[in-house]
Number of protein chains: 2
Amino acid sequence: MINFKAISIKINYLAKNIKNNQFKTVQVMITGKSYIGGAWKIGKGKEFSAQNPVTGENVNVFKEVDQQQIEEAVSGANSAFEILKTKDMESRAQLLDSIAEELEALGPQLIEICDKETGLGEARITGERGRTCGQLRAFATLIRKGDWQQARIDTAIPDREPLPKADIRRILRPLGTIAVFSASNFPLAFSTLGGDTASAIAAGNSVVVKAHPSHPGTSELCTQALEKAIAKNNFPPEMFAMLQGASPEVSQVLVQHPQIHAVGFTGSTAVGRILYNLGASRPNPIPVFAEMGSTNPLVVLPNAIAQRGNDIAQGLAGSITLGTGQFCTKPGLILLLKDEHSPNFVKDLTKAIDSINIGHFLNKRIKTSFKDSIEKTKAVEGITMKDGKDESGKIFEIDAGQFLQSPRLEEEIFGPAAIIISCEDIDQLIEVIAGFGGHLTGTIHSDEDIELAKVISAMERKVGRIILNGFPTGVEVCPSMHHGGPYPSSTFEATTSVGTAAIERFCTVKCYQNIPQEHLPLALRNKNPNNILRMVNGTFTTDDI
Amino acid sequence: MINFKAISIKINYLAKNIKNNQFKTVQVMITGKSYIGGAWKIGKGKEFSAQNPVTGENVNVFKEVDQQQIEEAVSGANSAFEILKTKDMESRAQLLDSIAEELEALGPQLIEICDKETGLGEARITGERGRTCGQLRAFATLIRKGDWQQARIDTAIPDREPLPKADIRRILRPLGTIAVFSASNFPLAFSTLGGDTASAIAAGNSVVVKAHPSHPGTSELCTQALEKAIAKNNFPPEMFAMLQGASPEVSQVLVQHPQIHAVGFTGSTAVGRILYNLGASRPNPIPVFAEMGSTNPLVVLPNAIAQRGNDIAQGLAGSITLGTGQFCTKPGLILLLKDEHSPNFVKDLTKAIDSINIGHFLNKRIKTSFKDSIEKTKAVEGITMKDGKDESGKIFEIDAGQFLQSPRLEEEIFGPAAIIISCEDIDQLIEVIAGFGGHLTGTIHSDEDIELAKVISAMERKVGRIILNGFPTGVEVCPSMHHGGPYPSSTFEATTSVGTAAIERFCTVKCYQNIPQEHLPLALRNKNPNNILRMVNGTFTTDDI
């Protein structure tokens with residue numbers, strides 16, 4: 001498993017030693033095409049380019065797909081699903097391992113083109129490639145093990161009175177064709193071959209990716225890797241499609257296609273909600289699993305400030321500015337109780353933020369949007385912006401009473417900024433939390449503070465993951481991770497887009513009554529050669545029947 | 001566990017021996033009130049009555065709640081949720097057991113009032129009460145065992161390089177306040193204290209029930225039972241509310257209330273979709289788990305017809321007419337291959353249907369709607385209605401080619417009717433199945449017919465439960481049951497409304513990072529005194545940590 005926090009901190013270190021765009025140039029062939037029905041095709045829609053966020057230059061030219069090409073991609077993927085159903089779990093696991101290998105085999109050309117498109121730098125991109133391959137392999141391991149299928153068997157009781165009891169068996173099964181929308185801020189780990197694609201393929205689905213227009217060349221290279229893995233493993237090439245496009249219409253047509261069975265999305269609340277609405281308003285509604293905006297409240301309780309205020313300030317500054325603040329779990333609301341130590345903490349945090357170079361925004365749109373958000377926030381009544389360098393992150397401060405009257409302040413500012421909310425007492429702090437919408441994470445710093453239980457209880461209803469004495473950036477990819485939260489941080493709070501439980505989003509349930517062994521999915525047959533954990537007549541066991 | 005098929009067949013037997021409305025009269029006090037904020041209150045809206053479907057007489061008078069009373073009910077339930085969070089699993093299990101006891105303690109008065117409102121007869125209602133109590137106790141057993149919480153623990157690795165790994169733990173948690181909409185066709189098992197309420201309470205939620213206007217007195221009595229159980233177990237009375245009402249506005253206001261966190265519904269596709277849309281279009285969308293219409297295709301393959309056609313016809317006639325055909329799993333589409341034996345099968349089925357007295361419809365609306373559906377179906381081009389007695393079920397026959405041009409025929413006819421679709425060959429039969437929307441069940445009768453694998457494969461994509469050589473009515477309440485299916489049979493096909501897995505609908509997921517033992521949910525603490533199955537560092541175990 002790859003720890004992203006670790007990678008990011010390593011990157012911060014390396015970033016001081018290397019300058020962007022100094023790699024040796026490798027010959028990279030970017031065609032600008034989409035991958036449709038198992039073949040590379042030039043889009044029939046309008047032209048667009050990605051921009052190098054460091055130099056502002058255009059990077060290659062791409063052509064958007066048209067409606068007919070989307071239709072072709074989805075219907076190809078849907079037909080391929082019938083073939084996928086015939087593949088056993090080991091073949092599927094080998095495919096995932098193979099995708100990871102081919103992704104690694106792309107070598108420096110992937111790093112180069114991805115850096116040109118995102119400005120994230122070699123170290124970060126290399127680390128993210130490691131995470132992406134780690135995710136693919138983690139899902140391979142998961143499906144080899146088989147427990148994830150939640151197999152349940154209730155055996156027949158032929159002589160039960162007054163009527164025999166039938167043999168009933170239930171298991172998770174793939175849904176069909178999944179549409180995946182790539183995120184701008186993780187061009188590998190939440191993109192073409194990222195977590196959504198990996199989990200959807202692991203579950204046995206076919207996938208249609210809408211590539212992010214911020215890194216279309218990266219998406220093309222990743223798709224080339226996947227194409228090779230599919231060929232090597234004799235899977236149907238139509239099972240995966242990658243569509244280039246920059247217009248909202250492409251997304252709309254894709255989500256509304258009758259043969260799309262679920263959607264995975266990572267991005268803004270505004271766009272996520274549009275896609276969710278499209279999914280819900282179809283003649284046959286489908287779930288749009290959108291992981292959206294989150295401002296990740298962080299509480300620092302009095303003892304924690306008194307005892308290690310400066311350490312917390314340093315760590316928090318790092319978390320706010322990590323990856324130019326462009327992380328879903330960036331802490332954006334800092335709640336304090338006003339006391340003798342809190343002014344020093346604010347000073348320490350402001351100073352720490354000021355000492356960090358924030359790096360590059362992923363694209364012009366995000367940079368502009370960040371500037372706009374800062375201007376709007378400055379204009380809120382009662383708020384003060386701490387002075388600092390132009391090229392630094394931004395810290396605001398506002399009294400809790402005033403914050404409660406400015407609900408817009410809870411919205412995510414995507415970038416390196418945070419708002420300190422100064423509370424008169426613990427009741428007001430709890431009132432602020434109780435007024436929150438949903439967030440992915442909630443963090444509390446406490447050194448045996450008596451208020452801890454109260455704050456945990458209030459926070460629990462508002463967030464998906466509660467962290468004590470740590471920082472929310474650093475989303476461990478592991479079985480117990482939950483990367484989801486109450487709306488608007490995600491559309492289905494019981495589902496996660498990080499960690500092995502993510503596979504459940506792209507599964508349905510099927511139940512078999514009196515079906516003969518040879519027609520049952522392998523994990524439901526009497527013999528259990530792989531020792532899958534199954535619930536048999538109400539009790540968990542790995543035994544044969 | 002109670003087998004409903006068993007009960008129903010017992011009822012059919014008893015129904016020949018008893019006549020409705022011949023019980024000794026018991027003094028039943030029905031007040032017409034709703035249960036709001038832990039107190040009985042007369043609705044401030046308009047008056048309505050339930051009707052005795054046998055005699056047509058009005059049964060008691062009820063008053064609909066108004067918007068302010070809905071607000072009171074939901075906010076009371078939502079406040080009570082904070083108290084519910086402090087209750088341990090054993091207390092919750094005792095509450096469920098206690099509700100079952102109090103339901104039984106209502107004795108003959110519940111049977112009498114329920115029969116007056118539904119005309120279902122003593123035997124069926126007694127059986128259904130048994131199933132309802134069985135469900136409540138099954139959820140008590142489930143939560144005592146604790147495995148259902150899907151606890152996952154990844155322990156810390158403090159010396160991991162380059163950064164320590166945090167302690168991360170994940171578990172299912174209650175959602176908040178659940179709105180439950182009662183079904184007309186199961187006045188106990190899918191109503192006030194039915195499966196949705198039982199699973200929502202088992203998961204730790206508070207519940208607001210919208211009583212079905214077809215059996216409001218039954219709902220009042222059930223709520224009285226629950227009130228006693230809550231008092232005996234020292235739970236907050238506001239945790240449950242029962243709202244009387246016959247207008248769509250009551251449902252609308254309830255689903256749109258910001259403090260409702262999920263909805264359980266059983267009923268028609270039309271109403272289910274309206275509620276789903278209301279849930280999806282809220283400022284903060286919520287899932288509406290609607291179990292809706294289904295026509296439950298049933299295929300009889302040639303060998304099966306040749307070898308036991310008459311037996312299948314007899315069983316099928318029973319399944320079509322069971323409970324006057326008012327079951328979600330009634331088989332409504334019968335697919336045959338035209339051959340030398342198929343005409344005899346059609347005759348046998350028609351004759352068998354004709355010999356069964358269909359009993360009473362649940363209410364006037366359903367009766368009228370059934371008659372309308374029959375008239376509309378008769379008018380479809382190419383369809384023939386088999387002659388039969390006025391008081392019998394209805395059998396139609398149509399060629400597959402014609403069926404494919406009449407998509408409306410796939411819609412559920414709620415009542416004792418079925419359409420035979422005669423197919424030229426197996427390819428056409430598969431084509432018909434491939435054209436289906438979603439259904440709860442799909443049944444195949446086969447005696448080593450070579451077409452079986454093909455039919456199973458086609459059916460699997462269209463239904464939630466596949467049955468071989470049986471009948472879909474008879475939904476076993478057990479861990480492996482799945483009562484859900486692709487849209488329009490339900491809104492979230494991966495969820496079930498029958499069986500213990502139903503509890504998952506009303507749960508969310510919470511994740512705890514570095515949280516001290518005393519602040520963790522019990523099932524996530526190191527000590528595991530109840531031997532709950534947990535995934536610890538990727539491996540399932542019941543051990544302590």
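Biologist: Where is B:Asn60 found?

Modeller: B:Asn60 is found in strand β4 (residues 58-63) of chain B; helices (H or I, at least four residues) and strands (E, at least two) are DSSP runs, numbered from the N terminus. This is a predicted model in which local features need pLDDT of at least 70 and side-chain atom pairs count only at pLDDT 80 or more, while totals for chains, interfaces and linings use all residues. Residues are numbered from 1 along each chain as its sequence is written, chains are lettered from A and ligands numbered from 1 in the order in which they are written, and side-chain values use heavy atoms, with hydrogens and water left out.

Biologist: What is phi of B:Asn60, and which peptide bond is cis in chain B?

Modeller: Most residues other than glycine have a negative phi, and most peptide bonds are trans. Phi of B:Asn60 is positive, near 60 degrees. The bond from B:Tyr487 to B:Pro488 is cis, with omega near 10 degrees, and B:Pro488 lies in the loop between β18 and β19 (507-513) of chain B. In chain A, a cis peptide bond joins A:Tyr487 and A:Pro488.

Biologist: What rotation superposes chain A on chain B?

Modeller: Two copies of a chain are related by a rotation about an axis and a shift along it. Here the rotation is 180 degrees and the shift 0.0 Å, with RMSD 0.0 Å (least squares on the C-alpha atoms of residues with pLDDT of at least 70 in both copies). That is the relation of a two-fold axis. In chain A, the C-alpha nearest the axis belongs to A:Ala280, at 3.2 Å.

Biologist: How many salt bridges cross the interface?

Modeller: The rule (a side-chain nitrogen of Lys or Arg within 4 Å of a carboxyl oxygen of Asp or Glu) finds ten salt bridges across the interface. One of them joins A:Lys85 to B:Glu460, at 4.0 Å from N to O.
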